[in-house]
Amino acid sequence: MIEMQDVWKTYPNGVSALNGIDVKIDRGEFVYVVGPSGAGKSTFIKLMYREEKPTKGTIFVNGFNVDRIRERKIPLMRRQIGVVFQDFKLLPQLTAAENVAFAMEVIEAPRKKIKQRVKEVMELVGLGDKLNNLPNQLSGGQQQRVAIARALVNNPAVIIADEPTGNLDPDTSWEIMQLLNKINDHGTTIVMATHNKEVVNTMKRRVLAIEDGKIVRDERQGVYGYED
Ligand code: ADP
Ligand code: ADP
């Protein structure tokens with residue numbers, strides 16, 4: 001599903017964020033990516049959906065050679081990768097439903113299909129009654145649910161999440177984790193960078209720890225392993 005072979009990333013300012021990453025993630029896995037601030041977690045995540053290009057190495061995501069893909073094929077690739085961010089990244093002037101629909105409009109899905117599918121995923125994330133709310137009329141947890149609905153709407157094989165609970169209180173974080181678990185139970189691969197120690201230690205999923213741009217731990221039923 002996801003494979004990185006000898007992946008390196010040096011930013012234009014000379015900072016080397018990743019220093020030789022080799023990893024394989026199978027279809028259906030749920031993987032936490034942990035490590036200190038500045039370790040390279042976000043860079044690792046950004047390379048998977050081609051927000052950044054590697055300086056060296058090969059990256060496959062769902063059959064796409066992400067590091068070599070042509071510009072015009074990036075939208076097709078992104079359709080199969082849902083991305084969720086710490087700060088939700090919803091468009092503030094659009095309603096919840098319009099934010100979710102937007103992800104289907106960019107791939108030119110038929111209008112009727114969009115309407116149907118948006119309703120379905122909004123119900124799946126527990127917001128069937130909030131279709132017409134603007135983001136600022138929703139709580140943080142609800143906004144993150146909308147963002148997850150947007151990530152799911154095109155039925156991606158993978159969801160990649162960068163600190164999705166980073167702006168949420170503990171109870172709301174658990175609700176979001178339950179939602180991600182439910183999505184994973186239905187077969188979607190999930191890769192999630194997080195500083196949420198309690199979540200990682202409770203869920204006992206695969207844990208990849210990154211330090212100084214290298215994978216220093218890869219555990220089947222892992223623990224968070226840091227004191228922050
Ligand atoms: P983490 O997500 O683990 O905090 P990052 O991947 O964000 O780590 O950052 C890894 C290193 O790369 C850090 O030293 C950071 O300052 C640097 N870095 C991240 N993004 C950029 C960028 N766009 N330009 C230059 N340096 C960056
Ligand atoms: P159940 O309670 O039967 O396990 P869930 O609450 O897990 O069902 O899911 C509710 C509905 O959403 C089900 O019809 C399920 O098939 C659907 N569903 C769950 N995850 C996804 C997904 N990633 N993509 C599409 N549909 C999904």
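**Note on the predicted model and its ligand**

1. An oxygen atom of ligand 1 is placed 2.8 Å from a polar backbone atom of Ser-42. Taken alone, ligand 1 exposes 570 Å², and the protein buries 64% of that.

2. An N or O atom in the side chain of Lys-41 is 2.8 Å from an oxygen atom of ligand 1, while for Gly-40 a backbone N or O atom lies 3.0 Å from an oxygen atom of the ligand.

3. Which residues surround ligand 1? The shell consists of Tyr-11, Asn-13, Val-15, Ala-17, Pro-36, Ser-37, Gly-38, Ala-39, Gly-40, Lys-41, Ser-42 and Thr-43. Helix α1, which spans residues 41-48, gives the largest share of this shell, with three residues.

4. Turning to the backbone, two residues may be inspected with some care, because most residues other than glycine have a negative phi. Asp-6, which is found in strand β1 (residues 2-10), has a positive phi near 50° although it is not a glycine. Phe-88, in the loop between β6 and α3, likewise is a residue other than glycine with a positive phi, here near 70°.

5. Are these two residues buried or exposed? Asp-6 counts as partly exposed, because its relative accessibility is 31%, whereas Phe-88 has a relative accessible area of 9% and is therefore buried, the cut-off for that class being under 20%.

6. The loop between β6 (81-85) and α3 (96-105) also holds Leu-91. Because its relative accessibility is 32%, Leu-91 counts as partly exposed. On the surface, Leu-91 forms a nonpolar patch with Phe-102 and Val-106, and together these residues have about 250 Å² of accessible area.

7. A last point concerns Leu-124, which lies in helix α4 (residues 111-124) and counts as partly exposed because its relative accessibility is 31%. Leaving aside residues up to four places away in sequence, Leu-124 touches Leu-152, Leu-179 and Lys-182. From Pro-12, by contrast, Leu-124 is separated by 112 residues in sequence and by 41 Å in space, taken from C-alpha to C-alpha.

Conventions: Residues are numbered from 1 along each chain as its sequence is written. Chains are lettered from A and ligands numbered from 1 in the order in which they are written. This is a predicted model: local features need pLDDT of at least 70, side-chain atom pairs count only at pLDDT 80 or more; totals for chains, interfaces and linings use all residues. Side-chain values use heavy atoms; hydrogens and water are left out. Patches are made of residues with over 30% relative accessible area and no salt bridge: like charges are joined within 9 Å, nonpolar side chains (Val, Leu, Ile, Met, Phe, Trp, Tyr) within 5 Å. Accessible areas come from the Shrake-Rupley method with a 1.4 Å probe; for residues, only the protein chains shown count as cover. A salt bridge is a side-chain nitrogen of Lys or Arg within 4 Å of a carboxyl oxygen of Asp or Glu. Helices (H or I, at least four residues) and strands (E, at least two) are DSSP runs, numbered from the N terminus. Buried means under 20% relative accessible area, exposed over 50%, partly exposed in between (1.4 Å probe, protein chains only). Contact means heavy atoms within 4.5 Å. A residue is near a molecule or strand if one of its heavy atoms lies within 4 Å of it. A polar contact is a pair of N or O atoms within 3.5 Å; within protein, one must be able to donate a hydrogen and the other to accept it, and residues adjacent in sequence count only if both atoms are side-chain atoms.
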